[in-house]
Each structure stands twice: as structure tokens, then as C-alpha cells.
Amino acid sequence: MARALTIERSKVSRHERDAYFAGLRQRRDRLRAASCNFWVYEAPSEPGLFVEFTEAADVPTLAAARVAVFDSDPGAPILTEVELP
């Protein structure tokens, strides 16, 4: 099966940053427990603009983790890895 990935953008104000990071840590821990990888990047040229990547070995693993972590599917599309010929 192909690896699966979601990509989500967030814009966070300076005042929301601490609460956002606390939520990210909780999400990271829950996703890791559900066999997913989770990374967050911030745009150096635009502080507060974050891109979150969640990856799993396959679509069923990622879909189940999203439901477990968010209590429902948050709606970001699940992308699958493309094998290049």
C-alpha cells in the first residue's frame, strides 16, 4: 500500500502561539500512539504561518488516527504516495 499524508495550514497570532504549541504537542503524542508521524514547519518570512504534515504507512492507518485524534475526520484530503516509473 502507498504511504498516506495530510497537509494543513494554520495562521496563529503571537498571542495564540503558546496555546497552539500545547495543542500541537498533544496532537503529536496522540498521532505517534496511532502509528503516525507528525511534523510542523513555520515560514521564516511570515511568523505564525504553520504547515502541519501527518503521515502514516497507509490510508486506513491515517484515516483511523484522524478520527481518533480529532473525534471526527477534520476534512483535509488524504494524499497518497505516487510510485514513479
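Predicted model: local features only at pLDDT ≥ 70, side-chain atom pairs only at ≥ 80, totals over all residues.
Charged side chains come first. The count of salt bridges in the model comes to 5. One of them joins K11 to E46, with the closest N and O atoms 3.3 Å apart. K11 lies in strand β1, which spans residues 4-11, whereas E46 sits in the loop between β2 (37-42) and β3 (49-56), so this contact ties together parts that are 35 residues apart in sequence. The two partners can also be placed relative to the surface: K11 is exposed, at a relative accessible area of 51%, while E46 is partly exposed, at 36%. The value for K11 can be read against the cut-off, because exposed means over 50% relative accessible area.

A second salt bridge pairs E52 with R27, and here the N to O distance is 2.3 Å. This pair again links distant parts of the chain, with E52 in strand β3 and R27 in helix α1 (residues 17-33), 25 residues apart. E52 counts as buried, at 4% relative accessibility. R27 also counts as buried, with a value of 19%; the label applies because the cut-off for buried is under 20%. A further salt bridge brings together the side chains of D29 and R28, at 3.1 Å from N to O. Both of its members fall in the intermediate class of accessibility: D29 is partly exposed at 42%, and R28 is partly exposed at 27%.

Attention now turns to the rings. The model holds 4 aromatic pairs. Among them, Y20 and F50 form a tilted pair, with 4.9 Å from centre to centre and 40° between the planes. Y20 belongs to helix α1 and F50 to strand β3, so that the pair links parts of the chain 30 residues apart. Y20 and F50 are both buried. F50 takes part in another pair, this time with F21, and the arrangement is edge-to-face: the centres are 5.8 Å apart and the planes make an angle of 80°. Because F21 lies in helix α1 and F50 in strand β3, this second pair ties together parts that are 29 residues apart in sequence. Taken together, Y20, F21 and F50 form one aromatic cluster.

Technical notes
Residues numbered from 1 in each chain as written. Heavy atoms only, no water. Salt bridge = Lys/Arg side-chain N within 4 Å of Asp/Glu carboxyl O. Helix = DSSP H or I, 4+ residues; strand = E, 2+ residues; numbered from the N terminus. Buried < 20%, exposed > 50% of the residue type's maximum accessible area, 1.4 Å probe, protein only. Phe/Tyr/Trp six-rings, centres within 6.5 Å; stacked < 30°, edge-to-face > 60°.
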